[in-house]
Amino acid sequence: SNGHPLAGRRVLMTVGSTREAIDPVRFIGNRSSGKMGYALAEALRACGAQVMLIAGPTSVPAPVEMMRVDVESALQMRVAVMVQVYTCDLFIATAAVADYRPEAPVDGKIKKTEATMTLTLVRNPDILAEVAALPKPPFTVGFAAETDDLEHYARDKLEAKQLSMIAANRVGDGPGGFESDKNALICLWPGGGRRELPMMSKPALATALADLIAERYAAQSAG
Ligand code: C5P
């Protein structure tokens with residue numbers, strides 16, 4: 001794919017979920033199969049990009065022969081991203097990062113002696129926002145999964161985190177979303193840019209999204 005805007009570009013991606021330890025055997029986590037992230041990684045590779053994955057736990061296998069660093073928690077994911085981010089051209093955050101982590105993971109397995117227990121949680125760092133706030137940020141792409149007011153929240157997130165692009169999908173009702181094989185996206189970028197990618201299989205959607213990322217990356221690089 002000579003002449004493709006993503007040919008030879010370095011793409012750093014977070015994929016999967018994160019697990020926040022409560023004790024050595026228990027964690028707080030969230031639903032993310034990693035399907036969309038891995039499909040997008042494959043589609044970007046097909047565009048000639050050099051893809052590096054920072055991967056939390058996923059329920060689907062990673063693409064073969066793709067560079068990958070495996071992590072568990074949000075803090076580990078953040079460190080792995082910051083090690084690689086200065087040499088990447090694009091940063092794409094598909095991971096479902098836990099918003100909170102237990103303040104102090106317990107060393108030994110917690111026993112069920114008490115009738116109730118209280119966990120104190122603290123906010124995790126926002127990896128995507130931190131990357132986008134770097135002095136010379138890469139082209140940043142975020143995702144927004146929302147149940148209501150999809151476009152409104154996505155536009156807010158695009159602006160709050162100062163992203164180059166955001167891809168929003170509806171979750172909770174009907175087809176699409178985390179465990180589903182199909183999805184649809186509304187993509188937004190600064191200056192009122194908007195493109196709808198209709199409901200289709202995750203691989204087909206990944207290809208359409210990779211094409212749009214390439215288009216927007218080229219447009220931004222051109223000034
Ligand atoms: O604000 P919200 O969590 O909805 O934003 C989602 C986007 O931000 C996703 O692209 C996700 O990968 C990224 N994110 C992150 N670090 C966090 C939380 C979200 O990189 N701690």
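Confidence comes first: the chain averages a pLDDT of 94, and 96% of its residues score at least 70. This is a predicted model, and it scores ipTM 0.98 and pTM 0.95.

**The chain as a whole**
- With 223 residues, a compact globule would have a radius of gyration near 17 Å, and the chain's value of 18 Å agrees with that.
- The C-alpha trace spans about 65 × 35 × 35 Å along its principal axes.
- Of the 223 residues, 39% count as buried.
- Taking contacts between residues at least 6 apart in sequence, 63% join residues at least 24 apart.

**Helix 2 (residues 74-84)**
- Its buried residues are Ala74, Met77, Arg78, Ala80 and Val81.
- These buried residues of helix 2 pack against strand 1 (10-15), strand 2 (20-23), strand 4 (50-55), strand 5 (67-70), strand 7 (100-102) and helix 3 (127-132).

**Helix 5 (residues 202-221)**
- The buried residues in helix 5 include Lys202, Leu205, Leu209, Ile213, Arg216 and Tyr217.
- Partners of the buried residues of helix 5 are helix 1 (35-46), strand 6 (90-93), strand 9 (139-146), strand 10 (165-170), strand 11 (182-189) and strand 12 (193-201).
- Just after helix 5 you will find Gly223, which takes a positive phi of about 105 degrees.

Terms used. Residues numbered from 1 in each chain as written. Predicted model: local features only at pLDDT ≥ 70, side-chain atom pairs only at ≥ 80, totals over all residues. Buried ≥ 20, exposed ≤ 12 C-beta atoms within 10 Å, placed from the backbone. Helix = DSSP H or I, 4+ residues; strand = E, 2+ residues; numbered from the N terminus. Contact = placed C-beta atoms within 7 Å. pLDDT = per-residue confidence, 0-100. Rg over C-alpha atoms; globule rule 2.2 N^0.38 Å.
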